[in-house]
Amino acid sequence: MTRRTLQIAPSILAADFGCLGDQVMQAQAGGADMIHIDVMDGRFVPNITMGPLVVQAVARVARIPLDVHLMIIEPERYINQFADSGASAITVHVETCPHLHRALTQINEAGCRAGVALNPHTPATAIREVLELVSQINVMTVNPGFGGQPFIRATTRKISQLRRMALDGGHDLDIEVDGGVNSQTIATARACGANIMVAGSCIFGHADGIAAGIAALRRAAASS
């Protein structure tokens with residue numbers, strides 16, 4: 001199986017919002033490949049987080065791509081707003097999009113990388129018919145809504161299925177793993193075919209600082 005380049009995407013859901021700009025710059029200087037921004041509406045998931053104004057603020061200090069994950073109902077209403085705010089990639093959930101093809105087309109037309117996310121219970125086959133529109137797939141390895149949850153190991157089968165599905169269909173895309181990623185789980189996700197690792201607590205909460213948290217993940221991934 002061809003392995004795509006590993007990318008680390010620190011999730012600012014775990015950052016200190018009292019000094020968010022500084023935390024983003026530390027992550028960037030520490031070797032992050034992108035910044036992951038979780039947008040939650042309190043309806044699709046049981047939490048409310050940030051919106052376009054936070055994306056704008058992060059875009060003012062970040063020199064790496066912004067990976068915006070919309071965990072919201074009716075995401076198509078806000079896609080252009082997030083694109084205009086500085087998103088490089090926008091991911092929507094298959095579970096919230098009855099017209100997924102249309103939503104992914106809208107993201108592409110807005111000039112962003114189009115992503116689709118699958119909750120732990122959603123099968124890989126749910127997105128087979130839209131793979132030609134997708135730049136990245138986000139496999140939720142926790143139930144979305146909160147940071148700091150443990151990695152659901154049963155989801156690793158789906159990572160492998162999606163990578164095989166992409167290869168068999170000739171689709172050149174990234175597979176992102178989101179939830180419970182740390183030095184104990186990253187090698188497993190990597191071995192299954194994931195190449196973008198979203199991590200929050202183990203980076204922003206690392207005892208030796210943000211850069212050390214990123215470096216620890218890279219070392220652990222290399223063991224896969």
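1. Before we start, two reminders. This is a predicted model, in which local features need pLDDT of at least 70 and side-chain atom pairs count only at pLDDT 80 or more, while totals for chains, interfaces and linings use all residues. Residues are numbered from 1 along each chain as its sequence is written, and side-chain values use heavy atoms, with hydrogens and water left out.

2. Let's begin with the largest pocket, which holds about 350 Å³ of space. Of its 26 lining residues, Gly 147, Gly 148, Gly 179, Gly 180 and Gly 200 are the closest to the centre. (A pocket is an open set of points on a 1 Å grid over the protein atoms alone, where a 1.4 Å probe fits, with protein on both sides within 12 Å along at least five of seven lines; lining residues have an atom within 4 Å of a point. The volume is the space filled by probe spheres set on the points, which are joined across faces, edges and corners.)

3. Which elements supply at least two residues each to that lining? They include strand E2 (35-40), strand E8 (196-199) and helix H7 (201-204). Helices (H or I, at least four residues) and strands (E, at least two) are DSSP runs, numbered from the N terminus. By class, the lining has 13 nonpolar, 11 polar and 2 charged residues. Here Ala, Val, Leu, Ile, Met, Phe, Trp, Tyr, Cys and Pro count as nonpolar, Asp, Glu, Lys and Arg as charged, and the others, Gly among them, as polar.

4. Do look along helix H1 (residues 20-29), where Leu 20, Gln 23, Val 24 and Ala 27 are buried. The buried residues of H1 fall within an arc of 100 degrees seen down its axis, so they line one face of the helix. (Buried means under 20% relative accessible area, exposed over 50%, partly exposed in between, with a 1.4 Å probe and protein chains only; the arc is that of the directions from the helix axis to the C-beta atoms.) Their cover includes strand E1 (7-10), E2, helix H2 (52-61), H7 and helix H8 (210-221). Just after H1, Gly 31 has a positive phi of about 105 degrees.

5. Asp 41 is partly exposed because its relative accessibility is 22%. Its side chain reaches the backbone nitrogen of Phe 44 at 2.9 Å and that of Ile 73 at 2.7 Å. (A polar contact is a pair of N or O atoms within 3.5 Å; within protein, one must be able to donate a hydrogen and the other to accept it, and residues adjacent in sequence count only if both atoms are side-chain atoms.) Met 50, by contrast, counts as buried at 9%, and its contacts include Ile 12, Phe 17 and Ile 37. Contact means heavy atoms within 4.5 Å.

6. Is Thr 155 buried or exposed? Thr 155 counts as buried, at 4% relative accessibility, and lies in the loop between strand E6 (136-140) and helix H5 (156-169). A polar atom of the Thr 155 side chain is 2.6 Å from the backbone oxygen of Ile 152.

7. Lastly, please check Glu 74, a residue other than glycine with a positive phi, near 50 degrees. Glu 74 sits in the loop between strand E3 (66-71) and helix H3 (79-85).

Methods:
Lists of a residue's contacts leave out its neighbours within four places in sequence.
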